[in-house]
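Dear colleague,

I am passing on the structure we spoke about, with the sequence alongside it. Please have both open while you read the notes below.

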Amino acid sequence: MNYGNPNILSSAVTTIKQVFIGCLFLLSILPAFSQQDANTLKINSCKVPTFSVGGKNVTNAKTSDGKIIISGIENATHFEILENNTPFDFSLASELVEGQSSVEIKGIKNPSLDAVYKIKLYNKTEQCSTEQSVHLSHINFAEKLDYTQIEVIQGVDNPSPEIGDIITFTTIVQNNGGQAATNLELKQFFSESLELVYFFADIGEFTPIGNVWQIGNLKPGQQPKLIIRARVKEQGLSYLTSYVSKANSYTIFYGQQLPTQDNSHAIAATSCVSVPIAIKKDEVYRVSLDSYANLTWYYKDAAGNFSAINETTNSTIAEINADSSLSIKQGGEYTYTKQIGECTFNSCCPILVESCKGPAIVVDSVYCNTTVDSYSMVVHLVNDNWSVVEKVYYALSNLSFPVLTNFLRRLNILPLTSSSGYVTSLGGGYYRVDNIPAFMPNVTLVSTDMSGECRSFKIVNAPDCNGQLMQMPELASTVEYYSPARVMPSLKVENDGGKKVKTYWYSDELGINQVGKGNSFRPDKVGKYFVAFYDKKNDTRSALVEAEVKSLVDEVPGEFVNISVCDCESSSMIPTGTSEAITVAKIYPNPVKDDLNVDYLIPKTARSADVFVFSINGKQLGSYVLDLKKDSEKIDVSSWPDGLYILTMAVDGEKKLTQRFVVRQ
């Protein structure tokens with residue numbers, strides 16, 4: 001190469017300058033490019049730490065032997081353990097030794113309040129991390145709390161009975177503490193609409209005078225049970241409230257908390273049942289409560305959701321009165337909530353209203369006609385307002401005329417119609433349906449009130465007219481209940497067969513073993529019995545009617561359902577528009593076999609939320625960190641044994657509510 005040529009030298013210098021400038025440019029952008037690439041590489045290659053968490057409670061109020069155990073650690077370099085609301089800070093995290101697979105924190109003391117510990121593990125950076133929570137549900141929360149963790153749980157087997165039904169309340173008192181509770185007593189409040197028919201306590205003694213259950217001493221883990229069976233006498237809501245009235249050296253009034261116990265254990269529980277209330281057209285049912293401050297009424301709309309009743313609600317459904325009572329004008333389901341501070345008190349069960357029902361139809365007799373291939377029947381109406389008008393007319397008629405006149409027949413007004421045959425009024429609310437064709441398999445009877453719009457229906461099957469038919473006995477009650485140490489109840493026939501008829505009772509459905517006679521029969525033992533009318537002239541027997549006497553001891557109670565308490569933890573309904581509402585809106589299915597679905601609503605201001613599941617004995621079975629961006633969580637319970645479990649939700653480390661569910665494999 002000839003370096004002496006000036007043109008070549010100038011060209012070389014220019015090329016070197018260009019290369020140098022290009023290198024400077026590359027050097028200027030290289031750091032930023034490399035950093036971005038490194039971050040991308042780091043994020044894409046992040047191996048999120050995995051681990052499991054457990055804990056051991058403090059065994060004594062004065063002993064600091066609580067533990068948090070982190071095990072099965074993989075892909076972690078640092079860890080943090082914080083209590084309740086303390087925020088995480090990677091710069092303060094503790095470093096793990098390479099290959100370390102477990103961490104055990106010892107010496108945790110007895111906390112003054114319930115404690116939730118948050119655990120976070122990192123893999124080199126703050127961005128590559130995962131967290132869990134552990135709820136140390138300590139036996140003790142203060143020095144005096146090592147034996148007073150008493151909780152009351154209550155349920156009822158049939159939350160929507162009919163009048164006359166026997167319902168079963170089950171009340172369980174459990175000792176979640178570490179030592180025996182002494183001098184334990186529970187009291188109950190009954191609605192006047194409930195009649196006590198049977199009781200049984202598997203520990204202690206229940207006295208129906210004053211409704212006091214003397215339990216005595218209760219060891220840790222014990223769960224005595226009280227069974228109360230009651231007959232429902234009236235429409236509307238019927239309540240049974242149970243509460244701890246004595247524990248250790250304390251006497252407790254309803255509404256008070258046990259002084260040496262934290263308030264996470266409910267020492268009072270209320271169950272109620274709802275018997276539908278019937279209103280007729282243009283009638284109004286008014287609901288009044290003792291206290292109305294901060295009360296909100298709701299009704300179930302067409303979509304099946306509870307909507308608040310206010311000035312925008314259709315006035316034909318319901319209206320809130322000046323005194324805050326509620327006037328219900330339309331059938332449906334109604335309830336209420338009451339806000340006191342941050343606590344929402346909910347109605348335990350809804351008010352059920354049935355609208356516009358006609359008078360009930362009772363069939364007195366069905367008989368075959370001998371001259372025409374047909375049959376007839378005699379019926380009467382119950383709670384028929386036309387019969388009241390008839391009685392008034394009869395009273396007025398007797399002032400001037402000695403002979404009574406069938407008022408409805410004269411007016412040609414019949415509250416009863418039939419799908420076949422001819423209806424005539426017999427007076428006094430009684431009617432005869434004649435000439436129903438024998439080939440008709442059944443006939444439909446319809447009764448109406450004075451408005452003509454409220455109706456009731458009854459289907460009557462056709463009799464067998466090929467044989468001789470007699471009137472059947474009508475029982476006052478088809479089922480009676482016997483309680484030990486009480487007199488055996490009597491079975492009674494209400495309708496009178498007349499002088500030409502006699503009444504026989506049998507112990508078998510074939511009517512062979514006669515055990516009594518007459519319209520009233522008191523059996524010697526529980527069981528099924530059968531009654532029939534006999535014609536004295538030709539010994540023709542009517543069809544047998546079955547009756548039963550059941551033992552309240554032998555009878556298996558219904559399934560334990562409708563666990564509901566009227567307190568701040570009841571989440572059956574939360575008022576709409578409450579921004580700070582925190583609730584598990586739904587736990588289903590319940591009972592559950594495989595996956596328990598938990599729907600939840602968390603305030604937007606919350607930073608964290610956890611769900612903890614405990615056995616009925618207080619053993620923690622699992623903890624789950626809720627995703628605040630979602631509204632549901634699934635919990636696999638397929639390997640859990642059958643039993644009652646408790647689910648607790650904590651938001652920002654503070655316990656907010658408790659729900660109960662049953663696992664049944």
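This is a predicted model, and in it four strands form an open sheet in the order E8-E9-E14-E11, with antiparallel pairing. Strand E8 (150–156) and strand E11 (194–201) stand at the edges, and because each has a single partner strand, one side of each is left without a neighbour in the sheet. From one strand to the next, the twist averages 20°.

Within this sheet, strand E9 (residues 166–175) and strand E14 (residues 225–232) run antiparallel and are joined by seven bridges; as a point of orientation, Ile166 stands opposite Arg231 in E14.

As to the packing, the largest nonpolar core has 28 residues, and those with the most contacts inside it are Ile167, Phe169, Val173, Leu184, Trp213 and Val244. The elements that each give two or more residues to this core are E8, E9, strand E10 (181–190), E11, strand E13 (212–218), E14, strand E15 (236–247) and strand E17 (268–275), and the largest share, four residues, comes from E14.

Once its neighbours within four places in sequence are left aside, Val244 is in contact with Ile150, Val152, Leu184, Glu185, Leu186, Ile252 and Ile267.

Apart from this core lies another, of 21 residues, which include Val598, Ala609, Tyr624 and Met649. In soluble globular proteins, nonpolar side chains tend to be buried together.

With best wishes

Notes. Residues numbered from 1 in each chain as written. Predicted model: local features only at pLDDT ≥ 70, side-chain atom pairs only at ≥ 80, totals over all residues. Heavy atoms only, no water. Pairing = 2+ DSSP bridges. Axes fitted to C-alpha atoms, helices over the stretch in contact; angles between N-to-C directions. Core = buried A, V, L, I, M, F, W, Y, C linked by side-chain atoms within 4.5 Å. Buried < 20%, exposed > 50% of the residue type's maximum accessible area, 1.4 Å probe, protein only. Contact = heavy atoms within 4.5 Å.
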